[in-house]
Amino acid sequence: MSADGQFTSTVNITTTGYPYNLREGIENQNLRDQKLFYKDYWSNINNLDVIALHIKNDKDAVELSEEIQLAFENYASKSGKRFILQPNFFSRNIEIPTRYRKRDLDFIINRSVSYEDTYELTFPEGISIEALSEGQEITSKYGTYKTEISQEEHSIIYKRTLTIFKGNYSKSEYKDFRSFYKKIARSDNSKMVLIHQ
């Protein structure tokens, strides 16, 4: 992050297992469609510009590696000398399950899946952290979620892990299942405040 709130970032993604099937084929798209894919994937970030990207699909290892260089602005809201932003830049793609007044059917989570993310946000001298939320841990029969935030003088490290468990669940459990996702979304949207000294 620059002193005026501009951001540059290099994002490295390694995908294996079931999520590999969801992302495989990106490397075969033309550059325009690839850029549109990432802009849609990170639709929570306005004015996202894909500067460069490199994609490697190792079909023998069933592993997709992506390196994307980005630039964006106005991600942080500015209020006087303060910047307000979400330290979870890139992994807020969780959808809260549909709310039903009356659930008639049992539900199934077909596959277990796990995500691990680590972000480092660096900011220049003259800017410091004024407020920063604590990490959170959520455990349920449907999965686990944990965030950890550590800070240095001019940077923070944000770590997020999410695991969803496969299983067959009764319709009476759906409300708790949906509540688990709502708690994750609330934590993913937590904010921090930086201030010019």
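A salt bridge here is a side-chain nitrogen of Lys or Arg within 4 Å of a carboxyl oxygen of Asp or Glu. Keep that cut-off in mind for the first stops. The model is predicted.

**Stop 1: K141 and E173**

Select K141 and E173. They form a salt bridge, and their closest N and O atoms are 2.4 Å apart. K141 sits in the loop between β9 (137-140) and β10 (143-151), while E173 sits in the loop between β12 (167-169) and α3 (174-188), so the pair ties together parts that are 32 residues apart in sequence. Now colour by accessibility. K141 is partly exposed, at 49% relative accessibility. E173 is buried, with a relative accessible area of 16%, because buried means under 20%.

**Stop 2**

Select D188 and R160. Their side chains meet in a salt bridge, at 2.8 Å from N to O. D188 belongs to helix α3 and R160 to strand β11 (residues 155-164), so this pair ties together parts that are 28 residues apart in sequence. Are these two residues buried or exposed? D188 is buried, at 2% relative accessibility. R160 is buried too, also at 2%. D117, R160 and D188 are linked in a network of salt bridges.

**Stop 2: D33 and R32**

Move to R32 and D33. Here the side chains meet in a salt bridge at 3.4 Å, N to O. D33 is partly exposed, with a relative accessible area of 33%. R32 is exposed, at 60%. How many salt bridges does the model hold by this rule? The count comes to six.

**Stop 3: the three-stranded sheet**

Switch to the cartoon view. Select β1, β3 and β2. These three strands form an open sheet in the order β1-β3-β2, with antiparallel pairing. Its edge strands are β1 (7-16) and β2 (49-58), and each pairs on one side only. From one strand to the next, the twist averages 10°.

Zoom in on β2 and β3. β3 covers residues 63-72 and pairs with β2 over nine bridges, in the antiparallel sense.

**Stop 4: the four-stranded sheet**

Next, select β4, β5, β13 and β8. They make an open sheet of four strands in the order β4-β5-β13-β8, and the pairing is antiparallel. Which strands form the edges? They are β4 (77-79) and β8 (127-132), each pairing on one side only. Neighbouring strands of this sheet are turned by 25° against each other on average, direction ignored.

Zoom in on β4 and β5. Three bridges join β4 to β5 (residues 82-85), and the two strands run antiparallel. Select S79. Opposite S79 stands R82 in β5.

**Stop 5: the second largest pocket**

Finish with a surface view. The second largest pocket holds about 220 Å³ of space.

Conventions: Residues are numbered from 1 along each chain as its sequence is written. This is a predicted model: local features need pLDDT of at least 70, side-chain atom pairs count only at pLDDT 80 or more; totals for chains, interfaces and linings use all residues. Side-chain values use heavy atoms; hydrogens and water are left out. Two strands pair if DSSP finds at least two bridges between them. Axes are lines fitted to C-alpha atoms, for helices over the stretch in contact, and angles run from 0 to 180 degrees between N-to-C directions. On a 1 Å grid over the protein atoms alone, a cavity is a set of points where a 1.4 Å probe fits but cannot get out, and a pocket is an open set with protein on both sides within 12 Å along at least five of seven lines; lining residues have an atom within 4 Å of a point. Grid points are joined across faces, edges and corners, and a volume is the space filled by probe spheres set on the points. Buried means under 20% relative accessible area, exposed over 50%, partly exposed in between (1.4 Å probe, protein chains only).
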